[in-house]
Amino acid sequence: MAYTVPKLKDFSPAALDKAVEKLLAAIGDESDAVRNDADKKAFRDRWLARKDGILTQVNDLWLKPAPKEAKREVGQRVNKLKAEVEAKVEAALAQKPSAAAESAIDISLPGIRRPIGAEHPIIRTQNDIVGVFKNLGYSVAEGPVIETDYYNFEALNFPPNHPARDTQDTLFLANQESKSRREQLLLRTHTSPVQIRTMEKMKPPIRIVIPGKVHRNDPPDASHSPMFHQIEGLAVDTNITFGDLKGTLDHAMKALFGSDVKTSFRPSFFPFTEPSADVQISCIFCGGKGYRDGGRCPNCKASGWIELLGCGMVDPNVYGFVNYDAKKVSGFAFGMGVERIAILKYGVDDIQLFFQGDVRFLEQFG
Ligand SMILES: [Zn+2]
């Protein structure tokens with residue numbers, strides 16, 4: 001039976017002490033039974049609620065009706081009782097769930113879902129691309145983000161003062177003037193140096209993809225960031241032809257964007273490949289038609305094509321830097337921007353969104 005505050009007929013000290021004792025025993029039992037937050041609230045309300053709590057009832061049923069000569073005795077006890085009840089309630093509210101309470105959890109209830117975050121869209125895209133090439137037998141190679149001028153430019157057939165260097169506005173580290181040019185440190189402008197580093201260590205056949213961060217001195221805007229991600233690929237073996245390059249990239253683009261996607265190769269220039277090509281894919285928004293929704297397709301500027309990556313056959317000069325015999329081996333290289341592909345895949349219109357850490361943006365990829 002739950003404790004109820006009795007009406008008192010006898011206001012003698014002995015009778016008062018007995019009533020107080022009963023009440024304290026009751027609160028002791030009830031505080032022991034408090035298990036969880038709901039219990040805590042019910043316990044506090046039962047004892048302390050202003051309107052109908054037990055202390056209020058004690059006031060109404062013991063103090064108010066007490067005869068004049070007993071008021072003092074009753075008042076003292078009620079005041080002491082108040083302090084004790086408040087201390088009990090406070091202690092019960094502060095207690096942590098006991099082991100007994102833990103084991104009383106109903107394990108058949110559904111669990112509490114914890115937010116576990118999501119893979120960042122850039123990393124996800126990077127993993128998607130790497131996955132396509134892993135399935136073709138490529139392995140992953142990585143290298144330093146801080147590079148020497150030699151690996152970033154010279155060994156890739158960008159001679160000092162070559163105008164092709166100007167297309168990659170480079171961030172050099174400070175206080176490098178005393179070093180020779182090829183020793184000077186910079187933030188790599190592409191992941192291509194890892195091609196050289198890998199070829200220095202390994203003999204053909206080589207099939208690698210190289211994901212990683214690169215930096216260029218581009219002020220941030222909707223389509224530029226001073227830091228972005230690239231994936232490069234390199235295949236070197238005997239008798240590798242431009243046909244192999246086309247077939248590989250055509251397969252990769254279909255794997256990434258769907259089997260309907262077509263590829264187109266147009267002549268281009270990169271210092272470390274010869275011949276070089278820019279690769280376009282048929283516009284994934286208008287299906288290559290150039291128009292949609294009754295108007296020009298804004299994504300491909302009505303051309304039906306989207307330029308996506310660069311590639312080419314490895315320039316024989318590059319083999320000279322890594323002691324490969326250019327008469328015996330041939331190969332191709334390609335490189336693509338991860339952000340560019342993520343923007344297309346996810347319909348993002350501002351590259352800055354990837355790096356601002358806004359949870360409202362990122363949680364859409366959960
Ligand atoms: Zn289009």
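Q: Helices (H or I, at least four residues) and strands (E, at least two) are DSSP runs, numbered from the N terminus; in which loop does S225 lie?
A: S225 lies in the loop between β4 (206-215) and β5. The model is predicted, so local features need pLDDT of at least 70 and side-chain atom pairs pLDDT 80 or more, while totals for chains, interfaces and linings use all residues. Residues are numbered from 1 along each chain as its sequence is written, and side-chain values use heavy atoms, with hydrogens and water left out.

Q: Why does S225 count as buried?
A: Buried means under 20% relative accessible area, exposed over 50%, and partly exposed in between (1.4 Å probe, protein chains only). S225 has 7% relative accessibility, so it counts as buried.

Q: What does the side chain of S225 reach?
A: The side chain of S225 reaches the backbone oxygen of M227 at 2.5 Å. A polar contact is a pair of N or O atoms within 3.5 Å; within protein, one must be able to donate a hydrogen and the other to accept it, and residues adjacent in sequence count only if both atoms are side-chain atoms.

Q: Buried or exposed: which is V209?
A: V209 lies in strand β4. Its relative accessible area is 0%, so V209 is buried. The C-alpha atoms of V209 and E232 are separated by 5.5 Å, although these residues are 23 apart along the chain.

Q: Which atoms coordinate the zinc ion?
A: The zinc ion is coordinated by the SG atoms of C283, C286, C297 and C300, at 2.2 to 2.3 Å. Donors are N, O and S atoms within 2.8 Å of the metal (3.2 Å for Na, K and Ca); water is not among the atoms, so sites may look incomplete.

Q: Why is the site of the zinc ion called tetrahedral?
A: Four donors count as tetrahedral if all angles lie between 85 and 135 degrees; four count as square planar and six as octahedral if opposite donors are over 155 degrees apart and all others between 65 and 115, and anything else is irregular. The angles among the four donor atoms of the zinc ion are 103 to 115 degrees, and the site is tetrahedral.

Q: What spacing do the donors of the zinc ion follow along the chain?
A: The spacing is C-x2-C-x10-C-x2-C. C283 lies in the loop between β7 and β8 (291-292) and C297 in the loop between β9 (295-296) and β10, so the pair ties together parts that are 14 residues apart in sequence. C283 counts as buried at 2% relative accessibility, and C297 at 1%.
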